[in-house]
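This report covers helix packing and pockets.

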Amino acid sequence: MKKIITVEKLNFRYKEKQILDNINFEILENEILVILGQSGSGKTTLLKNLLGLVKPETGKIVINDFVLTDCDDREELRYYYKNIGVLFQNATLLNSLTIYENLALPLIEKTNLAREIIEVIIKMKLSWVGLNDVNELYPYELSGGMKKRAALARALIMDPKILYFDEPHSGLDPITTYEINTLLLELKKFLKITFIVITHDISSAFLLADKLLILNAGKVEFFGTKSEFNKVHQKNEFLKKFVDFKRIFDFVDYEANH
Amino acid sequence: MKKKKFNLEIKKQDNNVFVFLNDNVLFENANEFYEEIKKHYNNNYNLIIDFTKCQKADTSLLACLSVIQNYFKSIIIKCLNDEIKYILTLWQIPKLVIS
């Protein structure tokens with residue numbers, strides 16, 4: 001499979017603080033990369049760099065042969081944005097617009113497609129995420145899980161090759177989290193797109209990831225597959241602590257005995 | 001044969017409308033493709049689209065075909081490219097046949 005994202009020696013500094021420190025990784029087409037790390041570890045800054053929203057101090061980001069970090073051309077950036085989908089944690093759907101209008105917006109802004117064609121595209125994308133008969137509803141009329149699905153449909157509207165998903169599981173109950181994870185895995189297989197997912201949910205991370213990137217204070221603590229993680233995590237104190245499910249059971253035992 | 005703006009050629013023969021595409025159908029130009037085909041709507045005709053010169057497509061093509069199928073007896077697609085063939089499987093278009 002072809003390399004789709006390459007990050008080389010990426011450094012990002014905000015004022016005096018080093019936020020990202022020598023980040024290196026590669027992702028292949030149709031992989032899911034899950035980025036994990038504590039709050040403040042640099043996950044969101046890395047995402048902003050990958051989206052071209054900020055410029056790194058040094059280093060290189062190459063996306064499908066396009067050197068994002070060298071790009072100052074608005075047209076080239078626009079082309080890049082046309083090929084990606086982004087789902088931010090909260091700012092997903094516009095509450096004053098219906099679901100149909102929310103999904104139609106990028107198509108009206110970026111294409112000259114006829115209304116009847118737009119209608120089919122919206123119907124198609126909503127059906128891909130398992131939503132029907134929601135066209136006339138407003139986002140505030142949907143449950144948390146349905147909102148995530150609708151936002152996902154909107155992110156898929158222009159057939160992105162890469163989809164960035166910031167905290168897909170935040171505010172969701174375990175059953176809805178499971179449903180969203182299943183949906184992401186289905187879409188990955190069905191649409192052959194590459195996902196970059198930032199999450200705090202360890203079990204979701206291990207379910208979804210082809211590759212894991214674990215950040216610790218701006219540095220890569222681990223990058224690799226799940227089986228590679230299994231081989232090394234017991235030898236690394238940070239990784240051990242990070243995914244130590246045993247701690248939960250220790251706490252349950254503590255509660256039971258006190 | 002008529003040369004069209006979208007860079008396609010359209011020919012009518014017997015009960016068939018033959019369309020030879022020289023451009024890929026993508027979000028940025030799908031509407032031109034759609035408008036050109038619309039001019040030839042006829043429920044008694046088969047629409048035969050030759051995609052053999054195309055390298056890629058996106059879901060805008062699927063949406064166009066989904067609407068267009070209502071105005072033709074059938075749609076037959078000639079296509080060699082695996083990516084386009086795959087795109088065509090992502091949405092059900094009952095009158096569509098891929099050859």
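## Helices H1 and H2 of chain B

In this predicted model, H1(B) passes H2(B) in a right-handed crossing; a crossing is right-handed if the near helix is turned clockwise from the far one by less than a right angle, and left-handed if anticlockwise. H1 spans residues 30-38 of chain B and H2 residues 59-68, and their axes come within 10 Å and cross at roughly 20°. Axes are lines fitted to C-alpha atoms, for helices over the stretch in contact, with angles from 0 to 180 degrees between N-to-C directions. H1(B) is therefore roughly parallel to H2(B), a class for angles under 35 degrees, with over 145 roughly antiparallel, 65 to 115 roughly perpendicular and the rest oblique. Helices (H or I, at least four residues) and strands (E, at least two) are DSSP runs, numbered from the N terminus.

On the H1(B) side the contact (heavy atoms within 4.5 Å) uses B:Ala30, B:Phe33, B:Tyr34 and B:Ile37, which meet B:Ser60, B:Leu61, B:Cys64, B:Val67 and B:Ile68 in H2(B). By class there are 8 nonpolar residues, 1 polar and no charged. Ala, Val, Leu, Ile, Met, Phe, Trp, Tyr, Cys and Pro count as nonpolar, Asp, Glu, Lys and Arg as charged, and the others, Gly among them, as polar.

## Basis of the values

Residues are numbered from 1 along each chain as its sequence is written, and chains are lettered from A and ligands numbered from 1 in the order in which they are written. Local features need pLDDT of at least 70 and side-chain atom pairs count only at pLDDT 80 or more, while totals for chains, interfaces and linings use all residues; side-chain values use heavy atoms, with hydrogens and water left out.

## Helix H3 of chain A and its partners

H3(A) and H5(A) pack with their axes 9 Å apart, at an angle of about 25°. H3(A) is thus roughly parallel to H5(A), and the crossing is right-handed. A:Ile99, A:Asn102, A:Leu103 and A:Pro106 of H3(A) make the contact with A:Ala150, A:Ala153 and A:Arg154 of H5(A). This contact has 5 nonpolar, 1 polar and 1 charged residues.

With H4(A), residues 115-128, H3(A) packs at about 120°, the axes being 10 Å apart. That makes H3(A) oblique to H4(A); this crossing is right-handed. H3(A) contributes A:Ile99, A:Tyr100, A:Leu103, A:Ala104, A:Leu107 and A:Ile108, and H4(A) contributes A:Arg115, A:Ile118, A:Glu119, A:Ile121, A:Ile122 and A:Leu126. The residues divide into 10 nonpolar, no polar and 2 charged.

## Pockets

A pocket is an open set of points on a 1 Å grid over the protein atoms alone, where a 1.4 Å probe fits, with protein on both sides within 12 Å along at least five of seven lines; lining residues have an atom within 4 Å of a point. Grid points are joined across faces, edges and corners, and a volume is the space filled by probe spheres set on the points.

The largest pocket has a volume of about 1000 Å³. Of its 37 lining residues, A:Asn83, A:Asp159, A:Pro160, A:Lys161 and B:Glu83 lie nearest its centre. Helix H2 (74-82) of chain A and helix H3 (82-87) of chain B are the elements giving two or more residues to that lining. The lining comprises 19 nonpolar, 5 polar and 13 charged residues.

The second largest pocket, of about 540 Å³, is lined by 21 residues, with A:Ile84, A:Val86, A:Pro106, A:Lys110 and A:Arg154 nearest its centre. H3(A) gives the most to this lining, with 5 residues.
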